Amino acid sequence: MIVSKQKNREEMAALLEGLDSLFLVGCSACATVCKSGGEEEVFRMEEWLTTLGKRVTGSVIIDSPCNVNRTARDLRDHRVQVEEADAVMVLACGAGVHSVVLKSGRRVIGALDTLFLGNTLRNGQFAEKCSLCGTCLLNETGGICPVTLCAKGLLNGPCGGMEDGKCEVDRELDCAWHLIYENLKKQGRQDIFTRTVPAKDWRKKQPPGELKVK
Amino acid sequence: MSRLSEQLALGRFVVTAEIAPPKGVGLDVILEQAAALKGVTAVNVTDNQGANMRTSPVAVAAVLARAGCEPVLQLTCRDRNRMALQSELLGASLLGIENLLLLSGDHPSFGDHPQSRPVFDLDSIHLLKVVKGLNGGFDMAGKPLSRAPFFFPGAAAVPEGEPFELMFHKFRKKVLAGARFFQTQAIFDTAKLARFMDAAAPLGVPVLAGVLLLKSARMCRFLNANIPGVRVPQTIIERLEKAADPTEEGVAIAGELVRFARTCCQGVHLMTLGQEKRIPEILANSPKQC
């Protein structure tokens with residue numbers, strides 16, 4: 001799940017200056033779960049825009065606006081309303097914004113900040129456990145990612161700031177290396193503790209990523 | 001060969017101290033501090049310590065070296081990627097710097113630029129290996145250097161770190177990665193230091209125990225809240241609170257720790273935070289009976 005949240009209203013109001021009419025795009029996938037760009041939020045946004053004196057020409061909730069072709073199809077279905085608006089406001093992650101930029105040919109206003117790839121812990125609560133680094137170590141770390149959960153992304157054990165198994169950055173947080181250590185110990189495994197992990201090849205993480213599956 | 005490496009090789013009890021580069025470009029303060037540290041073997045120059053932006057430690061270390069004060073250049077992975085670290089190291093060698101203390105670095109969230117993007121392209125283990133490679137004439141990419149530097153690389157240890165086993169695992173990894181000496185985070189608990197040294201001694205790498213000069217109970221509370229890896233125990237805070245002259249009590253506490261370190265460590269690293277003139281008292285064998 002791509003976790004996102006709405007920009008604050010003040011920032012949004014500044015983005016909307018000089019625009020009289022907008023077409024709204026929401027997302028029925030991640031942004032719906034994050035309560036940042038589902039049907040409910042698009043409706044509320046429409047209400048708010050009206051209070052600002054803006055006209056909303058129409059809206060559509062796309063099933064995953066990160067899908068470029070589906071976005072193209074749905075925007076085509078609303079062509080008149082899209083073209084009538086001064087800009088298209090997108091309540092979806094950055095990938096969704098980009099699909100709309102590619103396929104609408106219009107000025108696009110992104111209404112959300114895209115935060116991270118998250119696990120849903122419970123309704124409305126998300127946590128980042130993987131940072132998409134491209135060279136996965138999880139098989140050796142008892143499934144706990146030091147690149148993501150260690151504040152410094154250290155690959156060879158805890159830093160000197162670890163205190164009673166807690167992180168120096170936030171004493172409420174567990175040190176990732178302590179979690180890894182405890183988890184492996186429970187399973188009677190040594191795994192990553194038996195070797196020095198070499199420096200990471202960050203080429204795998206360098207944007208823009210691209211993948212073609214045959 | 002640096003004086004630090006020589007004295008450690010000879011088995012002398014070594015004393016190092018530290019200087020924080022200024023936030024600015026005045027040399028006078030640095031040279032004044034250096035002059036006050038004439039008696040110690042080497043002086044660490046901290047690298048944006050506590051993630052607070054200061055003048056480059058390479059520049060300050062070079063100034064110290066020129067003033068006849070042997071520096072230990074601290075270098076962290078927080079602010080530089082692998083290219084910058086290697087380039088900085090070669091530059092340091094060019095300026096006559098040999099001793100290094102290689103660190104991961106405090107997280108930027110502690111410092112005065114919390115918005116900055118932390119680098120951590122390498123960790124302290126990687127950096128130790130990089131220095132081993134540079135000493136051998138090759139960079140991290142395996143490319144030969146026109147002339148190899150000569151470094152004496154050290155690393156940090158946290159004798160009071162818990163869980164012990166996990167902390168010690170990292171320590172051992174640093175030894176394997178090429179650490180030739182250690183300077184520890186400030187220690188306060190002599191039993192914990194003894195436990196650490198019992199485990200560390202068989203590895204045969206000299207350890208300089210970190211001794212921090214405390215000035216007041218208030219300072220202890222600040223350190224506990226703001227400095228990663230420093231934990232002043234309540235008993236010491238109470239001693240300072242009850243003392244008629246907390247500064248004198250701080251010197252006495254540091255003296256006791258140094259005296260203990262003489263029994264199990266190869267030296268001490270004194271962190272006096274501007275009170276360099278108190279060093280002779282701290283080093284005197286028994287500054288005050290406790």
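**View 1. Leu223(B) in its helix.** Leu223(B) sits in helix H8 of chain B, which spans residues 217–226. Helices here are DSSP runs of H or I with at least four residues, strands are DSSP runs of E with at least two, and both are numbered from the N terminus. This is a predicted model, in which local features need pLDDT of at least 70, side-chain atom pairs count only at pLDDT 80 or more, and totals for chains, interfaces and linings use all residues. Residues are numbered from 1 along each chain as its sequence is written, chains are lettered from A and ligands numbered from 1 in the order in which they are written, and side-chain values use heavy atoms, with hydrogens and water left out. Leu223(B) counts as buried because its relative accessibility is 8%. Buried means under 20% relative accessible area, exposed means over 50%, and partly exposed lies in between (1.4 Å probe, protein chains only). Leu212(B), Leu214(B), Val230(B) and Val232(B) are in contact with Leu223(B), leaving aside its neighbours within four places in sequence. Contact means heavy atoms within 4.5 Å.

**View 2. Strand S8 of chain B and its partners.** Strand S8 covers residues 267–271 of chain B, and five of its five residues are buried. Gly267(B), His269(B) and Met271(B) lie on one side of S8(B), with Val268(B) and Leu270(B) on the other. Strand S1 (residues 14–19) of chain B runs parallel to S8(B), joined by four bridges. Two strands pair if DSSP finds at least two bridges between them. In this pairing, Thr16(B) is opposite His269(B). Strand S7 (residues 207–212) of chain B is also parallel to S8(B), through five bridges. Here Val211(B) has Leu270(B) as its bridge partner.

**View 3. Strand S3 of chain B.** Strand S3 (residues 71–76) of chain B has six of six residues buried, so the rest of the structure largely encloses it. Pro71(B), Leu73(B) and Leu75(B) point one way from S3(B). Val72(B), Gln74(B) and Thr76(B) point the other way. Strand S2 (residues 42–45) of chain B runs parallel to S3(B), with three bridges between them. Val45(B) stands opposite Leu73(B).

**View 4. The open sheet of chain A.** Three strands of chain A form an open sheet in the order S1-S6-S7, with antiparallel pairing. Its edge strands, S1 (2–6) and S7 (125–128), each pair on one side only. Neighbouring strands are turned by 65° against each other on average, direction ignored. Five bridges link S1(A) to S6(A), the strand of residues 112–122. Among the partners, Gln6(A) is bridged to Leu112(A).

**View 5. Chain B as a whole.** Chain B has eleven helices and eight strands. Its radius of gyration is 18 Å, close to the 19 Å of the globule rule for 290 residues, so chain B is as compact as a globular protein of that length. The radius is taken over C-alpha atoms, and the rule is 2.2 Å times the number of residues to the power 0.38. The C-alpha atoms fill a box of roughly 60 × 45 × 40 Å along the principal axes. Of the 290 residues of chain B, 54% are buried.

Note on methods
Axes are lines fitted to C-alpha atoms, for helices over the stretch in contact, and angles run from 0 to 180 degrees between N-to-C directions.
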